[in-house]
Amino acid sequence: MTIETSDRTKSIAQLVRETIQMRPSLLDALNMKIVNYSALARILQEELGEGSIEAVKAAVIRVSDEIASDRKLREEAVLSILKESKVRLQDKIAVVISPLKLEIPHIVTAHLTDQYVYVVDQTTMKRELEDPVKVQSNLVALILLSPPRVEATPGFVAFITQLLASRNINIVEFISCSTNTIIILDGQDALKAFSLLQNYT
C-alpha cells in the first residue's frame, strides 16, 4: 500500500512540475518566493483533476526549491559570460526582408521558410529596393562578442531579452550565432540598451 501511494505521489509531482514549467510567469513568482503555495495547489489540483491538495502542495514546494537552485546556478553562469563579453554599437543599419534571394552586401543574413532577412550597413546600399522587398532603415546594431562557452550555457539569450523587455525596449531583429549576439534596435533605444548591458560587462 505504501509503495502504491509513493508511486502515485511521484506521478502527481511530475504532473505538477510539467504544468509549472509551461508557465514562465509562474516560474518567476516561485523563484521569488511570492506564491501562496496552498492557493496555487488548489488551482493546480482542480486543473489536473487528480491527487490530493496536500500532495499537489508538496510537489509545488519541491519544484519551487528546484527552480530557485537551478536559476541561481544558471544566472551565475550567464553573468560570468556577460562580464567577459564585449559590447559595441553600430549605427546606420537597415533590415531588408525579401521573398527572393538578393545579391546585396550584408552583415548577416537568415533564410526563413518563405523569405530572406538581411541585416545590412545601409551606407553600402547602392540602389533603391522596390516592392515586395521591405526595408527598415536608420536602426542600430547592438553586438555582443562572448566567450565560446556561451554556446553551451542555457539562459543567455533569455536573460538579455528579458532585461531589455523589462525596460520596454523593443527588439526589431535578434540573431544569435556562435559567439556573436546581434540585436537590432530603434535608434532611440540603442543607448539605453547599451548602458543596461554595460552594467553587467
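Q: A salt bridge is a side-chain nitrogen of Lys or Arg within 4 Å of a carboxyl oxygen of Asp or Glu; how many does a search of the whole structure find?

A: The search finds four salt bridges. This is a predicted model, in which local features need pLDDT of at least 70 and side-chain atom pairs count only at pLDDT 80 or more, while totals for chains, interfaces and linings use all residues. Residues are numbered from 1 along each chain as its sequence is written, and side-chain values use heavy atoms, with hydrogens and water left out.

Q: What makes R17 and E66 a salt bridge?

A: Their side chains meet at 3.2 Å, N to O, and because this value lies within the limit, the pair counts as a salt bridge. The two residues are 49 residues apart, with R17 in helix α1 (residues 2-21) and E66 in helix α4 (residues 53-83); helices are DSSP runs of H or I with at least four residues, strands are runs of E with at least two, and both are numbered from the N terminus.

Q: Why is R17 called buried, and what is E66 called?

A: Buried means under 20% relative accessible area, exposed over 50%, and partly exposed in between (1.4 Å probe, protein chains only). R17, at 17%, therefore counts as buried, whereas E66, at 32%, is partly exposed.

Q: How do you know that E84 forms a salt bridge with R149?

A: The closest N and O atoms of E84 and R149 are 2.8 Å apart, so the pair meets the cut-off. E84 is in the loop between α4 and β1 (86-98), and R149 is in the loop between β4 (134-145) and α5, 65 residues apart.

Q: Why is the pair of Y116 and Y118 called stacked?

A: Rings of Phe, Tyr and Trp (its six-membered ring) pair if their centres lie within 6.5 Å, and planes under 30 degrees apart count as stacked, over 60 as edge-to-face and the rest as tilted. Y116 and Y118 lie 6.4 Å centre to centre with 20 degrees between the planes, so the pair is stacked.

Q: What makes the pair of F159 and Y200 edge-to-face?

A: F159 and Y200 are 5.4 Å apart, centre to centre, with 85 degrees between the planes, and the pair is therefore edge-to-face.
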